[in-house]
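Keep the 3D view open and follow along.

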Amino acid sequence: MSQKRVAAIHDISGFGKCSLTVALPLISAAGIETAVIPTAVLSTHTGGFEGYTFRDLTDDIMPIVEHWKQNNLQFDAVYSGYLGSNRQVDIVIKALKLLKNENTKFICDPAMADHGKLYAGFDKKFPRDMFKLCHNADIIVPNITEAVFMLGEDYKAGPYTKEYIGSLVISLYEKTGAMVVLTGVYFDEKRLGAACFDGTKISYIMGEKIDAVFHGTGDVFASVLTAGIITGRSLVSATEIAVKFTCDCIKATLENDPDRHYGVNFETEIPKLIKYLGIDYEG
C-alpha cells in the first residue's frame, strides 16, 4: 500500500504552536506524507504577541501548485487553515481544481475567528469569502464563532442547547454540502467538545471542560481529525480522537508550562496520538 499524502495550506508562525508548525508534525506522526503550501510567514502567531512580522505569500501559492501539477503529484487530501487575505480564498479554490482528483478529500478549517471576534487583519467580508471556500469542501471544521459568522448570525456565548447546536450544524451542511465538525460545543461547565454531522446523524463527542484558553488548539484538533480521516477512521471516530488528544495536550501544558499564549504542549503527547490511531510502527 502506498503512503498516504496530504497537502496542507496554512501559514507558518516561526514561534507559537499553530498552523503548519502543528499540522506538519501531527499529520506526519500518523505516517502520512505532508506537503505544505505556506500562505504567509509570521514571526509569531497573532495571539498575545505585539509587533509580529507578516510576509504575504499569496503570489507564491499558484506557482507551487502548478509545479506540483507538472510533476503529476497526487494527494489523498487537501487540508486548508488560516488564509492571509480575502484574495487567497479565490486562489485556494483555483488551486483545488489542480490538486484534487476524484478520490481527494478537501478538509477546510475556516480559521478566522473565536470568542465572538474576527482575528486581527480580517474584515467583515472575510467570513462570506471563507464560506465560499467551504462550499468546495468534503469536511468543514469551524468553531461556533466561525459558524455563526459564515451563516450571517449573531454570536451567542454558551452554554448552548442541543437544539441550537443542531440548527447550526444542519444549516452548515445544507448550505455547503460538506460534512460538519463544529468545535467549542458545551452544554454545561463540565464538558466541552464537538458536534459532528455526516449527513445522517448528529453525534456529540465531549471531553473535560478545562478553564483555560490556549492558542493553536483548533489547529491541533483539525490536524488530528485530518490524520484520523486519512488513516481510515469514520467522522465520529476521528472526532473522538481529536477531542481526546486536544484535551491531553491542554492538561500537559497546564501541568508543565505556565506560558499559555505560546500554544499547547502537543509534542510530548504524540505517542498517545499514535496509540489512539492504532498505529504500530514496530510491527
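Start with helix α2 (residues 58-70) and helix α3 (residues 86-99), which pack at an angle of about 0° with their axes 10 Å apart. Helices here are DSSP runs of H or I with at least four residues, and strands are runs of E with at least two, numbered from the N terminus. Axes are lines fitted to C-alpha atoms, for helices over the stretch in contact, and angles run from 0 to 180 degrees between N-to-C directions. The angle makes α2 roughly parallel to α3, a label for angles under 35 degrees.

Before going on, note that this is a predicted model, in which local features need pLDDT of at least 70, side-chain atom pairs count only at pLDDT 80 or more, and totals for chains, interfaces and linings use all residues. Residues are numbered from 1 along each chain as its sequence is written, and side-chain values use heavy atoms, leaving out hydrogens and water.

Which residues bring α2 and α3 together? On the α2 side they include Ile61, Val65 and Trp68, and on the α3 side Ile91, Ala95 and Leu98 are among them; contact means heavy atoms within 4.5 Å.

Leaving aside neighbours within four places in sequence, Val36 is in contact with Ala8, Leu20, Leu24 and Trp68. Val36 has 29% relative accessibility and counts as partly exposed; that class lies between buried, under 20% relative accessible area, and exposed, over 50% (1.4 Å probe, protein chains only).

Now find helix α5 (residues 144-151). Seven of its eight residues are buried, so α5 is largely enclosed by the rest of the structure. The buried residues are Ile144, Thr145, Glu146, Ala147, Val148, Met150 and Leu151. Their cover includes β6 (113-114), β7 (117-118), α4 (126-134), α6 (162-176) and β9 (179-185). At the start of α5, a side-chain oxygen of Asn143 comes to within 3.1 Å of the backbone nitrogen of Thr145. Just after α5, Gly152 has a positive phi of about 75°.

Finally, look at the cysteines. The structure holds zero disulfides, a disulfide being a pair of cysteine sulfur atoms within 2.5 Å. For Cys18, the nearest cysteine sulfur is that of Cys249, 14 Å away. Cys18 counts as buried at 8% relative accessibility. The sulfur of Cys196 lies 15 Å from the closest cysteine sulfur, in Cys247, which is too far for a bond. Cys196 is buried too, with a relative accessible area of 1%.

Technical notes: Angles under 35 degrees count as roughly parallel, over 145 as roughly antiparallel, 65 to 115 as roughly perpendicular and the rest as oblique. A polar contact is a pair of N or O atoms within 3.5 Å; within protein, one must be able to donate a hydrogen and the other to accept it, and residues adjacent in sequence count only if both atoms are side-chain atoms.
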